Amino acid sequence: MTELRVFIADDEQPARERLKTLLADIAAELPAKVVGEAADGIETIEQLPASGAQVLLLDIQMPGMGGLEVARHLAALPGAPAVVFVTAHDRHAIEAFELNALDYLMKPVRATRLATALRKAVASGPASGERLARAASGAREYFSVAERNRIALVPVRDVLFCKAELKYVTLHTLSREHLIEESLVALEKEFAERFVRVHRNCLVARSAIRGFERAAGNDDEPHWQVVLEGVGERLPVSRRQWPIVKDLVVKSED
């Protein structure tokens, strides 16, 4: 029987060691090989793609980046692993997992339950990004860009504006641009507290807005452009969005 390639991600070493012990305990019925382990979310994203893991045993609560966000980023990889979440007490996550048919293990993990979860994971394959997004309780801290079997992370806090171009969205930071395959509508909904729509094809970071300039137009009605911190380009504000954007700025100054 071919060994199942397993990656373990948990910030507590005793928890990782217990999972390795349990994998050894069930080896006769389900041979498995640990191909990597990580102690936080960022480390998991950096190391897993090259490991060839088929299944990821993933702790939900880890420093730096929680398990659900890790899984959402990994879902974009070619040959993404199936994910089995591990949790001690996250009631909200358990309800979300059950609603979206995501598998999970409760700590302390038992050998028989682990074997069942691994078989199910192999049979069902990786969860879709949509299901993982529905299970999430909040917005991501990072955007992810798939690059040659690796994932580049872009902190959401560094993005000044997002611009839709055909089927892609371009993320603009002070230093560079990144292309992602996500819809502007979905980004607007997820990051409503951080970004505001100024045009049908553009979201800007509320914290980066430094003011507005009146643009030259061919009629008597004023046209406005938003001025962003550190950005030379002036972004047009549509007539439809101007009352909303102006109101938001006024409220932030109160």
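Q: Which residue in β9 is the bridge partner of lysine 163?
A: Lysine 163 has threonine 170 as its bridge partner in β9. This is a predicted model, in which local features need pLDDT of at least 70, side-chain atom pairs count only at pLDDT 80 or more, and totals for chains, interfaces and linings use all residues. Residues are numbered from 1 along each chain as its sequence is written, and side-chain values use heavy atoms, with hydrogens and water left out.

Q: Thanks! How many bridges join β8 to β9?
A: Strand β8 (residues 161-165) and strand β9 (residues 168-172) are joined by 5 bridges and run antiparallel. Two strands pair if DSSP finds at least two bridges between them. Strands are DSSP runs of E with at least two residues, helices are runs of H or I with at least four, and both are numbered from the N terminus.

Q: And what sits in the turn of that hairpin?
A: There are 2 residues between β8 and β9. Leucine 166 is in the turn, with a positive phi of about 55°.

Q: What stands opposite threonine 170 in β10?
A: That's leucine 179. β9 and β10 pair in the antiparallel sense over 4 bridges, and a hairpin of 4 residues joins the two strands.

Q: Which face of β10 is covered?
A: In strand β10 (residues 177-180), the covered face holds His178 and Ile180, while Glu177 and Leu179 make up the uncovered one.

Q: Back to β8: how does it pair with β12?
A: β8 pairs with strand β12 (residues 202-205) in the antiparallel sense, over 3 bridges. Cysteine 162 is opposite leucine 203 of β12.

Q: Is cysteine 162 buried or exposed?
A: Cysteine 162 is buried, at a relative accessible area of 1%. Cysteine 202 is buried too, at 2%. Buried means under 20% relative accessible area, exposed over 50%, and partly exposed in between, using a 1.4 Å probe and protein chains only.

Q: Switching topic: what is the strand order in the open sheet?
A: The order is β2-β1-β3-β4-β5, 5 strands with parallel pairing. β2 (32-38) and β5 (104-106) are the edge strands, each pairing on one side only. From one strand to the next, the twist averages 25°.

Q: How many residues of β4 are buried?
A: 6 of its 6. Ala82, Val84 and Val86 point one way and Val83, Phe85 and Thr87 the other.

Q: Last topic, helices! At what angle do α1 and α5 pack?
A: Helix α1 (residues 13-25) and helix α5 (residues 111-124) pack at about 80°, and their axes are 9 Å apart. That makes α1 roughly perpendicular to α5. Axes are lines fitted to C-alpha atoms, for helices over the stretch in contact, and angles run from 0 to 180 degrees between N-to-C directions. Under 35 degrees counts as roughly parallel, over 145 as roughly antiparallel, 65 to 115 as roughly perpendicular, and the rest as oblique.

Q: And which residues meet there?
A: Leu19, Leu22 and Leu23 in α1 meet Ala111, Leu114 and Leu118 in α5. By class, the contact of α1 with α5 has 6 nonpolar, no polar and no charged residues. Ala, Val, Leu, Ile, Met, Phe, Trp, Tyr, Cys and Pro count as nonpolar, Asp, Glu, Lys and Arg as charged, and the others, Gly among them, as polar.

Key. Contact means heavy atoms within 4.5 Å.
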